Amino acid sequence: MPVKTASRSIDATVDRVFDVVAHIENFSKAIPHIKKIEFLTDQKRGVGARFRETREMKGREVSSVLEVTEYVENDRIRYVSDEGGMIWDSIFQVKPEGDGTSLLLEMDARPHKLLSKLITPMMMGMVGKAVESDMDSVKEYCEAKNAGGGW
């Protein structure tokens with residue numbers, strides 16, 4: 001599967017945007033489809049933090065276990081998950097852009113089971129829409145918090 005990318009210019013500081021995408025308790029507030037977060041490690045932030053995210057997708061709840069495998073404060077965070085016969089590898093990067101922030105998401109999905117290899121092409125439209133929706137929600141959340149002040 002080709003890497004899916006999405007980017008947004010956000011009217012909020014780098015540290016605010018990073019705080020949302022890099023800390024699942026904040027990310028889950030920004031993304032309306034995330035219904036529940038369960039930490040699987042005592043560590044809640046940074047490399048090694050693992051959690052189960054439950055989202056509503058097409059009217060049903062779907063859970064995924066994710067692990068933070070790279071964390072550079074106010075620069076990038078990488079989440080990796082092995083779900084449904086695929087390795088999902090997502091990197092969020094933040095960079096200053098004028099008075100705001102440029103947010104880039106690169107998501108790679110590598111199937112490692114036969115069924116996943118067969119259905120991956122059919123899933124790409126849904127994955128692309130979900131990525132774009134998440135990025136829109138992060139932008140909206142950060143800008144609303146920025147305009148309203150405080151968290």
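Ser28 touches Ile34 and Ile37, leaving aside residues up to four places away in sequence; a contact here means heavy atoms within 4.5 Å. Ser28 belongs to helix α2, which spans residues 24-30. A polar atom of the Ser28 side chain lies 3.1 Å from the backbone oxygen of Glu25. A polar contact is a pair of N or O atoms within 3.5 Å; within protein, one must be able to donate a hydrogen and the other to accept it, and residues adjacent in sequence count only if both atoms are side-chain atoms.

The model is predicted: local features need pLDDT of at least 70 and side-chain atom pairs count only at pLDDT 80 or more, whereas totals for chains, interfaces and linings use all residues. Residues are numbered from 1 along each chain as its sequence is written, and side-chain values use heavy atoms, with hydrogens and water left out.

**Overall architecture**

- The secondary structure of the chain comprises three helices and seven strands; helices (H or I, at least four residues) and strands (E, at least two) are DSSP runs, numbered from the N terminus.
- Along the sequence, these elements follow the pattern β-α-α-β-β-β-β-β-β-α.
- Of the 151 residues in the chain, 40% are buried; buried means under 20% relative accessible area, exposed over 50%, and partly exposed in between (1.4 Å probe, protein chains only).
- The chain exposes about 8100 Å², and carbon and sulfur atoms supply 50% of that area; accessible areas come from the Shrake-Rupley method with a 1.4 Å probe, and for residues only the protein chains shown count as cover.
- Among contacts in the chain with a separation of 6 or more, 48% involve residues 24 or more positions apart.

**The sheet**

- Seven strands form an open sheet in the order β1-β7-β6-β5-β4-β3-β2, with antiparallel pairing; two strands pair if DSSP finds at least two bridges between them.
- The edge strands, β1 (4-10) and β2 (34-39), each pair on one side only.
- On average, neighbouring strands of this sheet are turned by 25° against each other, direction ignored; axes are lines fitted to C-alpha atoms, for helices over the stretch in contact, and angles run from 0 to 180 degrees between N-to-C directions.
- Strand β3 (residues 50-57) and β4 run antiparallel and are joined by eight bridges, and Thr54 has Ser63 in β4 as its bridge partner.
- Five bridges join β4 and β5, again in the antiparallel sense.
- Val68 stands opposite Tyr79 in β5, and the bridge partner of Val72 in β5 is Arg76.

**Turns with positive phi**

- The hairpin of β3 and β4 has two residues between the strands, and Lys58 there takes a positive phi near 50°.
- Lys58 is not a glycine; with a relative accessibility of 75%, Lys58 counts as exposed.
- The hairpin of β4 and β5 has three residues between the strands, and Asn74 in the turn has a positive phi of about 60°.
- Asn74 is likewise a residue other than glycine; at 32% relative accessibility, Asn74 counts as partly exposed.

**Aromatic pairs**

- The structure holds five aromatic pairs; rings of Phe, Tyr and Trp (its six-membered ring) pair if their centres lie within 6.5 Å, and planes under 30 degrees apart count as stacked, over 60 as edge-to-face and the rest as tilted.
- Phe18 is buried at a relative accessible area of 2%, whereas Tyr71 is partly exposed at 23% relative accessibility.
- The ring centres of Tyr79 and Phe92 are 6.3 Å apart and their planes stand at 85°, so the pair is edge-to-face.
- Tyr79 in strand β5 (residues 76-83) and Phe92 in strand β6 (residues 86-97) are 13 residues apart, and their pair links distant parts of the chain.
- Both Tyr79 and Phe92 are buried.
- Ring pairs link Phe27, Phe39, Phe51, Tyr79 and Phe92 into a cluster.

**Helix α1**

- Helix α1 is mostly covered, with eight of its nine residues buried.
- The buried residues of α1 include Arg16 and Asp19 as well as Val14, Val17, Phe18 and Ala22.
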